[in-house]
Every structure is written in structure tokens, then in C-alpha cells.
Amino acid sequence: MITTYLFYFLSFLTIMFALMVVFSKSPVHSVLYLVMAFFTIAGHYVLLNAQFLAAVHVIVYAGAIMVLFLFVIMLLNLNKETEPHKSPWLKFSAVIAAGLLLVVLVGSLKGATNIMAANNFDANIGLIENLGKTLFQDFLLPFEISSILLLAAMVGAVLLGKKSIK
Amino acid sequence: MSAIQVVPIEWYLLLCTVLFTIGVLGVLFRRNAIIIFMSIEIMLNAVNLLLVAFSSYLSDSKGQVFVFFIMAVAAAEVAVGLAILMMVYRNTKSSDIDMLNKLKW
């Protein structure tokens, strides 16, 4: 019973923080709300018995990606005064378009057929032992290719960040 | 006890749909390129959460491995994207994406 209430509470927090990311005036506040949203999503992972993924999520998103965002915002000296805004008419149409997308997605989900759950629930699939076995047996090639992707991204970021490209 | 045993999968579908729509709303609503990047992160996380929910629902760890790969791709995307943003800022002195309309028809 407490799990259900925790789910509702965490879902409410996630949606509220995500909305505050979009609607807050200052970019620094947006980043801080995004960190909070990521922590609530990590809480969802814990509730779903994906403990290792929750730890990795906190380390990668709250630890690495958000620091990068905050660093760039501080470097570009963005604040409330320099923030560009769309015209009220464009903002209104953006809200209408997103609302229509939500209606279409929820409507399509309503007509979807049910998937049967696995009849014997296994609480241990989120543990590092089972995840490692799957990762290194079924997904070994994608794992190695993703290391090349990260190397290429690193080289690209360094090259783009250089002062002058001649 | 896992949440998937007491919460119906439809609630997770609804939550992730709402989160994804908030990401789309952020991309349409704001002009600051960094906020648009954050909205893309929200969309990626909505998909990640749904993958974990279904992986738990079907007791199959392949979904959680996919979330790992999405995280790696997201990290690479953010590094390159923020470097591009820095370069745009250096050339236009602004993070407003409406300045970059040379390719607009």
C-alpha cells in the first residue's frame, strides 16, 4: 500500500519539476529543477527494483550531465535579463500543440491491447549480476561500439570547443 | 515489494506520456537553446522510465540494458551539443536559436 502512495507522490513531484524546468524564468533555476526531476526518476527506478540503474542514473545525470549544463550556463553568463522570449501568440500555440499531442498519445494508448505480465515475477533482474550477464552475453557488440561513440563524441567536443578552427 | 506488482502498467504509460509531452512543450515554448536541450533530456528520461517499467513488468533484464545504451548516447549528445552551443554563442553573442535562421526557407 505504501508503495502505491510513494508512486503517486513521486509521479506528482516528477511532473511538477519537469513543468518548472520549462516555465521557470532563469536558466540556472531550470537546471536545478531538472536535477530534482532526475532524482525523483531515480526514486521511480528504486521502486521498480532497478537499484543499480538508479545509482547509475544519479551518477551520470545528476553528477556529469547537469554539471556540464551548469558549467556552460555560468560560462555564457545567462540570467533572467538576457533570456529571450517568444511572443505570447507563439507561446499559446505551443501549449495548444503540446496539449493536442498529449490527447493523441493518450487516445492511442486507450485503444491498445493489454500485454500479459510475466506470471512469475522476478525481483532480481535489476541487480548488477543479472544485468552484467545480459550485457556481456547478448549485447557485447553494441557495448563495444558505444565505447567508440563516446571516443568520437570526446574528440568532436574538443575540436568544436577550440578557439579557432583553421 | 516492487511497484510494478501493485501499480498498473497503465499508470506508468500515462506518467511517461505526460513527461514526454512536457519535453515537447519545452522545445516548442522556449527560445533559449540550453532549455531546449534540457527538454530533450526530459524526453529521453520519459522513454528510459517506460523501458525500465516494462522490463520490470515482463521480468526481462534486456530493457534495462537498453537504458544503459540510451544513457551513453545521451552523455555523448550533451557533450557535443553543448560544444556546438558554445561555438554558436561565440559567433552570435546569444543563446537564442531564432538567430540561426539562415537555413530557413
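Where is B:Ser59 found? B:Ser59 sits in the loop between α3 and α4 of chain B.

## Basis of the model

This is a predicted model, in which local features need pLDDT of at least 70, side-chain atom pairs count only at pLDDT 80 or more, and totals for chains, interfaces and linings use all residues. Residues are numbered from 1 along each chain as its sequence is written, while chains are lettered from A and ligands numbered from 1 in the order in which they are written.

## Chain A

Chain A has six helices and zero strands. Helices (H or I, at least four residues) and strands (E, at least two) are DSSP runs, numbered from the N terminus. The order along the sequence is α-α-α-α-α-α. The radius of gyration of chain A is 21 Å, well over the 15 Å that the globule rule gives for 166 residues, so chain A is more spread out than a compact globule. That radius is taken over C-alpha atoms, and the globule rule is 2.2 Å times the number of residues to the power 0.38. The C-alpha trace of chain A spans about 55 × 40 × 30 Å along its principal axes.

Of the 166 residues in chain A, 24% are buried. A residue is buried if 20 or more other C-beta atoms lie within 10 Å of its own, exposed if 12 or fewer, and partly exposed in between, with C-beta atoms placed from the backbone. Among contacts in chain A between residues at least 6 apart in sequence, 57% join residues at least 24 apart. Two residues are in contact if their C-beta atoms, placed from the backbone, lie within 7 Å.

## Helices α1 and α2 of chain A

The axes of α1(A) and α2(A) come within 8 Å and cross at roughly 155°. Axes are lines fitted to C-alpha atoms, for helices over the stretch in contact, and angles run from 0 to 180 degrees between N-to-C directions. This makes α1(A) roughly antiparallel to α2(A), a term for angles over 145 degrees. Residues of α1(A) that meet α2(A) include A:Leu6, A:Leu10, A:Phe17 and A:Val21. On the α2(A) side, A:Tyr33, A:Ala37, A:Ile41 and A:His44 are among them.

## Chain B

Chain B has four helices and zero strands, in the order α-α-α-α from the N terminus. Its radius of gyration is 17 Å, whereas a compact globule of 105 residues would have one near 13 Å. The C-alpha atoms of chain B fill a box of roughly 55 × 25 × 25 Å along the principal axes. Of the 105 residues, 48% count as buried.

## The nonpolar core

The largest nonpolar core has 64 residues, of which A:Val21 and B:Val52 touch the most other members. Such a core is a set of buried Ala, Val, Leu, Ile, Met, Phe, Trp, Tyr and Cys residues joined through C-beta atoms within 7 Å. Elements giving two or more residues to this core include α1 (2-23) of chain A and α4 (62-92) of chain B. The element that gives the most is α3(B), with 12 residues.

Leaving aside neighbours within four places in sequence, B:Val52 is in contact with residues of chain A including A:Tyr45 and A:Leu53, and with residues of chain B including B:Gly63 and B:Val67.

## Two loop residues with positive phi

Most residues other than glycine have a negative phi. A:Asn49, in the loop between α2 and α3 of chain A, has a positive phi of about 65°. A:Asn49 is buried, with 24 other C-beta atoms within 10 Å.

B:Ser59 has a positive phi of about 55° and is not a glycine. With 18 C-beta neighbours inside 10 Å, B:Ser59 counts as partly exposed.

Technical notes:
Parallel < 35°, antiparallel > 145°, perpendicular 65-115°, else oblique.
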